[in-house]
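Here are a few notes from my pass through the structure.

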Amino acid sequence: MQYRSLGKTGLDLSVLSFGASSLGAEFRSIDLQEALRGVRVALDGGMNLIDTSPYYGRGQSEVLLGYALQGVPRESYYLSSKLGRYAPQHFDFSARRVKESVDISLERMGVEYLDIMLCHDVEFVELSQIIQETLPALREIQKAGKVKFIGISGYPMKI
């Protein structure tokens, strides 16, 4: 497996990562045992970045990921999740929801911290809220040690 540095973060990430939207049956129904095995196969193959979101399966992806990662040393992988999008038309980037979302994600996955937390699909909300409310709330969470790095995700590159 090849690895690349992510900017100035100090994280050396595998060029392929495990996208856990599949655990949430986001695109098709899943065989539970096959899905759980997939996490271990990815890690055994050298993938060290796992990406998920509370949006994937409306929480199912994070819950199953937490189960699949039981017994795996936390320092052997990087965990990335998202917040702000919770259902196809449900977005909430308020500071209050940001704090709740991080805590819920940590609980679902049974971990003490996330390596990366992204604001999910920011193109569907006012960007001013992301800048003035969401990111400052995430900075507080980052200072508390619950999240190492923060960012945004979305389709339009100009954002």
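1. Helix packing, α3 against α4. Keep in mind that this is a predicted model. Helix α3 (residues 95-109) packs on helix α4 (residues 127-143) with an angle of about 40 degrees between them and 8 Å between their axes. That angle makes α3 oblique to α4, and the crossing is right-handed.

2. Who touches whom there. From α3, the contact uses Ala 95, Val 98, Lys 99 and Val 102, while α4 brings in Glu 133, Thr 134, Ala 137, Leu 138, Glu 140 and Ile 141. Sorted by class, the α3 and α4 contact comes out at 6 nonpolar, 1 polar and 3 charged residues.

3. The other pair, α1 and α2. Helix α1 (residues 32-44) and helix α2 (residues 60-68) cross at roughly 65 degrees, and their axes come within 9 Å. Here too the crossing is right-handed.

4. What sits between α1 and α2? Leu 32, Leu 36, Val 39 and Arg 40 on the α1 side meet Leu 64, Leu 65, Tyr 67 and Ala 68 on the α2 side. By class, that contact has 7 nonpolar residues, no polar ones and 1 charged.

5. The largest pocket. Its volume is about 190 Å³. The residues lining this pocket are Glu 26, Phe 27, Tyr 55, Tyr 56, Lys 82, Arg 85, His 120, Asp 121, Ser 153, Gly 154 and Tyr 155.

How values were computed:
Residues numbered from 1 in each chain as written. Predicted model: local features only at pLDDT ≥ 70, side-chain atom pairs only at ≥ 80, totals over all residues. Heavy atoms only, no water. 1 Å grid on protein atoms, 1.4 Å probe; cavity = no way out; pocket = protein on both sides within 12 Å on 5 of 7 lines; lining within 4 Å. Points joined across faces, edges and corners; volume = space filled by probe spheres on them. Axes fitted to C-alpha atoms, helices over the stretch in contact; angles between N-to-C directions. Helix = DSSP H or I, 4+ residues; strand = E, 2+ residues; numbered from the N terminus. Parallel < 35°, antiparallel > 145°, perpendicular 65-115°, else oblique. Left-handed = near helix turned anticlockwise from the far one by under 90°. Contact = heavy atoms within 4.5 Å. Nonpolar A, V, L, I, M, F, W, Y, C, P; charged D, E, K, R; others polar.
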